[in-house]
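Hi everyone, thanks for coming. Let's have a look at today's protein together.

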Amino acid sequence: MKISIRRSRRAAVAVALGSVLALTATACGDDGSGAAGDKGSEGSGKGEIVFWDNNGGVRTEIWKEIIADFHKANPDIKVKYVGIASTEYQSKVDTALQGGGLPDVGGVGAAMLAGFAAQNALEPLDSRLSKSSLNGKLNEDMVESLKAAGGGDGKLYSVPTSANNGVLYYRTDLFKKAGLDEPTTWDTFYEAAEKLTDKDKNEFGYTIRGGAGSIAQALDAMYGQSGITSFWDSSGEKTTVNDPKNVAALEKYAGLFKKVTPAADLNNDFTKMVAQWDSGTIGMLNHNLGSYQDHVKALGVDKFRGIPQPIGAGGKRVQVSNPVDGLGVFKSSKNKEAAWKFIEFATSAAENSKFNESAGQVPANNDAAKDAWVSEAEPTKLAAQALTDGSTQIVQLPYYLPDWNTISKTDNEPAFQKVLSGSMSAKDFLDTLADQLNEAQKEWNEQKG
């Protein structure tokens, strides 16, 4: 499976940069139409369109609310909602790219963008945006981030909806009871993780992500501790992931598993990890702004805080980039005009504010970002400050590599579980990851040249 996915993406890069993509366009099922290579059409701007939510379940209710608003404003367009779990979204789209069944519009975040764009699956949106009421209303950094992630042709294939940021959530009540300082540094983080653990009482200092999505969290912990501020060395050809400082950082971080964390963490994705933290007596959780409202509902605002990632030994906060999320029109859509109307509506000030208040994330619409709730949601406020006040250095992950999402998920999440369980060393894991990344970077550079 790994080989076939990798080969298809490598082939797609060559196609996107100078060849013609030849894929069969066949309809499949009733949840979409067309495959990659199908040019689609503008359509009537009316009728039914299919929307794939790339975080189904977690964001289903808010999207249904936005869709209901859209139907009131556009009674001649019906949006069929299909919620797909974030852990299954890429494989679902990859299957439809080959055999048909793509939606009209779907969630297209930075991490998956290059792979989809390289297979000629997405409609360029620059011209539509320039003529839209959204023009000049979207956060320029988010727009540029998605352009950069699109594979290097400078085109916009996804309209940003929100930006996320890594957050360290901690239980203020448990910290106060134990007489612990706020975990603002990695030293105080490790001290708290140990002191808050009492296995006999089923109390743990930390919950670590071992299931789906584990690699990004591990990278955040590595670079945050090592203080390395670039994903590539000065040559731009070799990754720094297996730098000795990062190896040492991962060894220390992975060593937390089962020592100060629940054993169930080995297989926990973010939904299980968040639910476990909200309902139990675990001191700290690394996630992002997206789970803030879940914590408020479970704990209230007095029992926890969400703060930026800990500061390293050098007195500087270093963290890896969080992918900007967005919405894209699939090129095979037979009603691109209606699909674009939906994107325009969903990213308008009122709807974008509504979505991001629910998600606890930073709005892409500049007017929405001025709404009162942004400053009232402390983790969002602190994250925005950390990203703009010069206190944080961002290690930009290579979302532009079509292989990125496959390497960072399919290929290496199972391997990271071996590191946690002790059957693989941190060095072997990171050396393997580095080899794959260096190869993908080399191929990308060759295709560009």
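This is a predicted model: local features need pLDDT of at least 70, side-chain atom pairs count only at pLDDT 80 or more; totals for chains, interfaces and linings use all residues.

Residues are numbered from 1 along each chain as its sequence is written, and side-chain values use heavy atoms, with hydrogens and water left out.

So, the overall picture. The protein has 19 helices and 12 strands; these are DSSP runs, H or I of at least four residues for helices and E of at least two for strands, numbered from the N terminus. Buried residues make up 55% of the 449 residues, buried being under 20% relative accessible area with a 1.4 Å probe, protein chains only.

Now the sheet. Six strands form an open, mixed sheet in the order β2-β1-β3-β10-β4-β11, and two strands pair if DSSP finds at least two bridges between them. β2 and β11 stand at the edges with a single partner strand each, so one side of each has no neighbour in the sheet. Inside, β4 and β10 pair antiparallel over 3 bridges, and V159 stands opposite L327 in β10.

Last stop: K336, in helix α13. Is K336 buried or exposed? It's buried, at a relative accessible area of 6%. Its side chain makes a polar contact of 2.9 Å with that of E123; that term means an N or O pair within 3.5 Å, where, within protein, one atom must be able to donate a hydrogen and the other to accept it, and residues adjacent in sequence count only if both atoms are side-chain atoms.

Methods: Buried means under 20% relative accessible area, exposed over 50%, partly exposed in between (1.4 Å probe, protein chains only).
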